[in-house]
Amino acid sequence: MRGFWPLFKRELFAFFVTPLAWVLVCVFLLVQGLHFFVLVEQLSAQVVAGGDMSPVSAFFGNTVLLYLILFLLVPAMTMRLFAEERRSGTAEGLLTAPVSTAAVVLAKYLSVLVVYVIMWAPTSLYLVILRRTGALDLHVALASYLGVLLVGAAYLSLGLLMSAMTKSQFLSLVLTAMVILVLFLLGVGELVARPGTTIHAVCTHVSVWAAMSDFSSGIVDSRRLVFYGTLTVVPLYFTVRVVDAWRWG
Amino acid sequence: MIVVQDLVKRYGARLAVRGLSFSVEKGEIVGFLGPNGAGKSTTLRVVAGYLAPTSGTVKVAGIDVEADSLAARERVGYMPETVPLYPEMRVVEYLDFRAELKGVARSKRSGRVDDVLHKARLVEVANVVIGSLSKGYRQRVGLADALVADPPLLVLDEPTAGLDPNQIREVREVIAGLRGTHTVLLSTHILSEVEASCGRAVVIAKGKLVAEGTLEELGELRRASGLRALVDGASADVERALATVRSSLPKMTNEPVISAKEGLVEVVLSWDDASSPRLRDAQKIVAKALVDVGSGLVEIAPLRGRLEDVFAELTRAPKALPDEAEAEAEAEREGES
């Protein structure tokens with residue numbers, strides 16, 4: 001893992017000295033803030049709240065906004081990671097330094113994951129607000145954040161791979177968005193396909209909807225952990241291979 | 001320090017380097033010469049560990065760049081041709097990052113960064129964001145980057161490209177300052193660069209070695225050869241002497257040139273490469289002939305080819321040998337299919 005630490009620091013530095021990260025964080029918090037506001041408005045207007053509709057599960061689970069925001073943000077966060085280094089040629093300086101490819105990939109990945117976590121961090125304030133006004137199941141909240149982390153980790157890993165495969169940031173953005181969209185549409189298949197068929201089973205397994213509604217109800221299913229763990233590790237492995245393959249230019 | 005053996009690099013169907021071998025000894029400053037597209041950058045990238053060779057081996061300080069890439073890269077300070085830098089960083093931040101990346105110990109880092117800032121004359125821009133630097137300064141940041149971990153070997157790809165004459169002189173001074181302590185391989189297509197900085201040159205064309213040696217050796221490679229003599233005497237005497245010379249030397253394909261110069265007579269004799277005699281023999285015969293006719297011989301010396309002429313001659317598209325032409329056509333066909 002030679003070279004991991006300086007690269008990790010530089011990646012974080014690069015994120016926060018360029019306007020891109022701030023724009024992304026602002027958009028993200030704006031959308032999430034509105035989302036929360038609307039949610040609280042709705043729930044407080046209802047005289048009798050639905051039994052299984054806690055604010056937390058509504059915020060993380062039964063909403064299209066979470067996926068929309070991931071669909072918009074993740075490709076923009078990962079697009080420059082490798083594509084920019086190759087286009088501008090800095091990859092040459094990077095890969096002629098005595099650093100291992102795995103360290104380069106991991107440093108880039110973890111830095112973007114940290115940015116993702118930083119983006120979500122302010123939303124924990126909503127939990128504080130909810131807690132002041134009513135009961136809050138901490139387990140459910142933690143499970144929800146675990147879900148957000150797992151889904152994000154997998155998408156970011158896929159985005160990193162797409163960025164390593166092309167010299168164009170734009171192409172990287174489009175490819176990542178397409179992969180996320182396909183995964184999302186497979187999830188929709190759960191609602192469309194006839195229950196009991198193989199397609200339905202596959203779709204349910206892949207569905208980010210189903211996953212998030214589980215997590216936001218406090219259910220941590222080991223199958224989900226394995227699925228998103230795999231979806232994180234496999235693209236990272238292939239990213240290392242792709243970066244190594246640049247040398248055959 | 002560098003041993004390149006039978007290096008071949010293929011990009012798809014195109015052969016960029018075709019069986020190149022050369023070596024650089026410890027402490028040498030070697031110029032890597034060739035016209036654009038000769039495969040200079042590709043070769044240097046393989047030496048620096050950025051590209052993998054298609055076949056052949058490259059050893060740096062005895063370490064195979066493929067077998068133990070990290071150890072090899074540790075010993076090389078590489079400055080890429082385009083000097084890619086992160087535009088959002090300040091110069092001092094960038095150099096500190098590069099030093100850390102190259103494994104310079106924390107305790108030595110600020111000392112090393114300070115040192116290269118001075119060496120590359122970057123002190124006044126140390127806190128400027130790289131994106132707003134001029135080309136000349138960026139080039140110097142690249143040089144400072146190559147030097148920052150104090151590697152024993154420096155590989156510089158066109159270090160003075162795009163600089164103004166003053167900046168070129170400054171960069172050459174920095175390189176000259178490395179003489180003796182570092183081994184340097186620098187590529188260029190500018191000949192005066194080699195004459196100014198290098199003790200030896202490796203010349204390639206179309207991915208192949210065409211010549212290698214000290215500058216004097218390369219100068220002698222010029223195939224057309226000749227003599228130049230300065231004589232204190234009448235030009236009639238000189239003509240008489242030349243008549244003797246004509247009878248005892250191979251036929252001169254070029255007519256001797258006799259001209260007056262600063263009160264003396266200058267004689268230039270030259271031969272085409274095919275009929276060229278051994279210059280030392282020719283020199284003796286001509287000197288004797290001139291002295292025999294009673295003219296005062298002031299000076300006689302072989303005509304040395306200027307490096308430009310040698311370079312032009314060596315790298316001019318050679319008439320391809322039949323089998324080579326065939327191989328090339330085949331490679332092209334492969335590319336099309």
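**Stop one: H4 and H7 in chain A**

Start by selecting helix H4 (residues 65-78) of chain A together with helix H7 (residues 101-120) of chain A: their axes come within 11 Å and cross at roughly 140 degrees. Keep in mind as you go that this is a predicted model. The crossing of H4(A) past H7(A) is right-handed.

Now show side chains. From H4(A), pick Leu66(A), Leu70(A), Leu73(A), Met77(A) and Thr78(A); they meet Val112(A), Val115(A), Tyr116(A), Met119(A) and Trp120(A) in H7(A). Color that contact of H4(A) with H7(A) by class and you get nine nonpolar residues, one polar and no charged.

**Stop two: H2 and H8 in chain A**

Next, select helix H2 (residues 19-45) of chain A and helix H8 (residues 124-133) of chain A. The axes of this pair come within 11 Å and cross at roughly 20 degrees, which means H2(A) is roughly parallel to H8(A). H2(A) passes H8(A) in a right-handed crossing.

Which residues make the contact? On the H2(A) side, look for Leu29(A), Gln32(A), Gly33(A) and Phe36(A); on the H8(A) side, for Tyr126(A), Ile129(A) and Leu130(A). The contact of H2(A) with H8(A) divides into five nonpolar and two polar residues, with no charged ones.

**Stop three: H5 and H9 in chain A**

Staying in chain A, bring up helix H5 (residues 80-88) of chain A and helix H9 (residues 138-165) of chain A. Here the axes come within 6 Å and cross at roughly 15 degrees, so H5(A) runs roughly parallel to H9(A). The crossing of H5(A) past H9(A) is right-handed.

Select Arg80(A), Leu81(A), Phe82(A), Ala83(A) and Arg86(A) on H5(A), then Leu160(A), Ser163(A), Ala164(A) and Met165(A) on H9(A), and you have the residues that meet. By class, the contact of H5(A) with H9(A) holds six nonpolar residues, one polar and two charged.

**Stop four: where A meets B**

Zoom out and show both chains. How many residues does each chain bring to the contact? Chain A puts in 28 residues and chain B 27 residues. Between them, chain A and chain B bury about 2600 Å², with 57% of it on carbon and sulfur atoms. To see where chain A loses the most area to chain B, select Arg10(A), Glu92(A) and Arg247(A), which together account for 28% of what that side buries.

Across the interface of chain A and chain B, the rule finds five salt bridges.

**Last stop: another pair between the chains**

Over all chains, the structure holds 27 salt bridges. For one of them, select Glu74(B) and Arg2(A), whose side chains meet at 2.4 Å, N to O. This pair crosses between chains: Glu74(B) lies in helix H2 (residues 69-74) of chain B, while Arg2(A) is in the segment before helix H1 (4-17) of chain A.

Technical notes:
Residues numbered from 1 in each chain as written. Chains lettered and ligands numbered in written order. Predicted model: local features only at pLDDT ≥ 70, side-chain atom pairs only at ≥ 80, totals over all residues. Heavy atoms only, no water. Axes fitted to C-alpha atoms, helices over the stretch in contact; angles between N-to-C directions. Helix = DSSP H or I, 4+ residues; strand = E, 2+ residues; numbered from the N terminus. Parallel < 35°, antiparallel > 145°, perpendicular 65-115°, else oblique. Left-handed = near helix turned anticlockwise from the far one by under 90°. Contact = heavy atoms within 4.5 Å. Nonpolar A, V, L, I, M, F, W, Y, C, P; charged D, E, K, R; others polar. Buried area = accessible area lost by both parts, 1.4 Å probe. Salt bridge = Lys/Arg side-chain N within 4 Å of Asp/Glu carboxyl O.
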